[in-house]
Amino acid sequence: MKSISPKLLLLGAVIGTISLPSLAVEWHSLSKKQQKALAQYEYTWPDIAEPEQLKLIRKADRWAEMSPEQRKRAKQRMEKIAAMSPEERAEFKARAERFNALPPEQKRRMHERRKRFANLPPEEKAKMKAEMEAFRALPEAEKKAKKEDMKARRDFFRNLSQSEKEALKAQMQGLSREERKAIREKYYQTYSGQ
C-alpha cells in the first residue's frame, strides 16, 4: 500500500480549513430600500443564483430612483407583459433584444417616433395599428418587397436637398396623416423615376 506524502497531507488539511467565499449576496447585506423593493424574494433569496440576484438588485436600485409617475408607467408595462401569452412574451423579448442591439442614433429616432405616435389622435393610432397588423399578416416575400420599397422611399426623401425638404414640409403643414401620405406618394412618383 502506498503512503501519502506529508506535503499532500498538509495541503489537504489547509484546503479543508479554508472556507471559500460565497458568491451569493446575503439578504441582510441589502439596503432597506433594496429589501423593500425585493420583499417578494426574501424567503427564496438564498436559492437565487448570484447573477440573477445582482440583476434584481440593479432593478431595485433603478426602481428607487424613479419618480411616482415613472413607477406607475413601469408597473403598467409589467402588468401588460404579465398578461401576455408565452408566444407574445417571446416576441416581445425578441423585439427588445433587437432594439437594444441598435446603435444609439437609431434608438433615439425610434424613441422620437414612439413619442409622435403617442401624441396622435386615437383614430390615427387605430388606423396605424390596423396597417401594421395587415403588414404582419403578409407572406414573408411580400413583407420583404414592401420593406425594400419603404427603404427606397426613405432613402429618396433623405437624399433630397435641404430646400426641397423645406418646400415639401411647408406643403404638408397642417395636413392630416393621410393627406401628407398622398403628397409624399405623388412627390415620390413624380421625381424618383419609379
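Mentor: Take E69, which is partly exposed because its relative accessible area is 42%. One caution about the source: this is a predicted model, where local features need pLDDT of at least 70 and side-chain atom pairs count only at pLDDT 80 or more, while totals for chains, interfaces and linings use all residues. Residues are numbered from 1 along each chain as its sequence is written, and side-chain values use heavy atoms, with hydrogens and water left out.

Trainee: How many helices and strands does the chain have?

Mentor: Helices (H or I, at least four residues) and strands (E, at least two) are DSSP runs, numbered from the N terminus. Here there are ten helices and zero strands. As for burial, 13% of the 194 residues in the chain are buried.

Trainee: What is in the largest nonpolar core?

Mentor: In soluble globular proteins, nonpolar side chains tend to be buried together. A nonpolar core is a set of buried Ala, Val, Leu, Ile, Met, Phe, Trp, Tyr and Cys residues joined through side-chain atoms within 4.5 Å. The largest one in this model has nine residues: V25, W27, L30, L38, W45, I48, L56, I57 and A60. Apart from that core lies another, of eight residues, including M172, I183, Y187 and Y188.

Trainee: And which residues is L56 in contact with, beyond its neighbours within four places in sequence?

Mentor: Contact means heavy atoms within 4.5 Å. With those neighbours set aside, L56 touches L38, Y41, W45 and I48.

Trainee: Why is the pair of F157 and Y188 tilted?

Mentor: Their ring centres are 6.3 Å apart and their planes are at 35 degrees, so the pair is tilted. F157 lies in helix α8 and Y188 in helix α10, so the pair ties together parts that are 31 residues apart in sequence. F157 and Y188 are both buried. Ring pairs also link F156, F157, Y187, Y188 and Y191 into a cluster.

Trainee: Now the charged side chains. How many salt bridges are there in the whole structure?

Mentor: A salt bridge is a side-chain nitrogen of Lys or Arg within 4 Å of a carboxyl oxygen of Asp or Glu. A search of the whole structure finds 15. E69, our opening example, meets R73 in one of them, at 3.7 Å from N to O. Both lie in helix α4 (residues 68–82), four residues apart, about one turn of the helix. R73 is partly exposed, at 40% relative accessibility.

Trainee: Which helices do R153 and E185 lie in?

Mentor: First, their side chains meet in a salt bridge at 2.4 Å, N to O. R153 is in helix α8 and E185 in helix α10 (residues 177–191), so the pair ties together parts that are 32 residues apart in sequence. E185 is partly exposed, with a relative accessible area of 31%. Elsewhere, salt bridges that share partners join E105, R108, R109 and E112 into one network.

Trainee: Last one: is K143 buried or exposed?

Mentor: K143 counts as buried because its relative accessibility is 14%. Its place is in helix α8 (residues 140–158). A polar contact is a pair of N or O atoms within 3.5 Å; within protein, one must be able to donate a hydrogen and the other to accept it, and residues adjacent in sequence count only if both atoms are side-chain atoms. The side chain of K143 reaches the backbone oxygen of R136 at 3.1 Å.

Notes
Buried < 20%, exposed > 50% of the residue type's maximum accessible area, 1.4 Å probe, protein only. Phe/Tyr/Trp six-rings, centres within 6.5 Å; stacked < 30°, edge-to-face > 60°.
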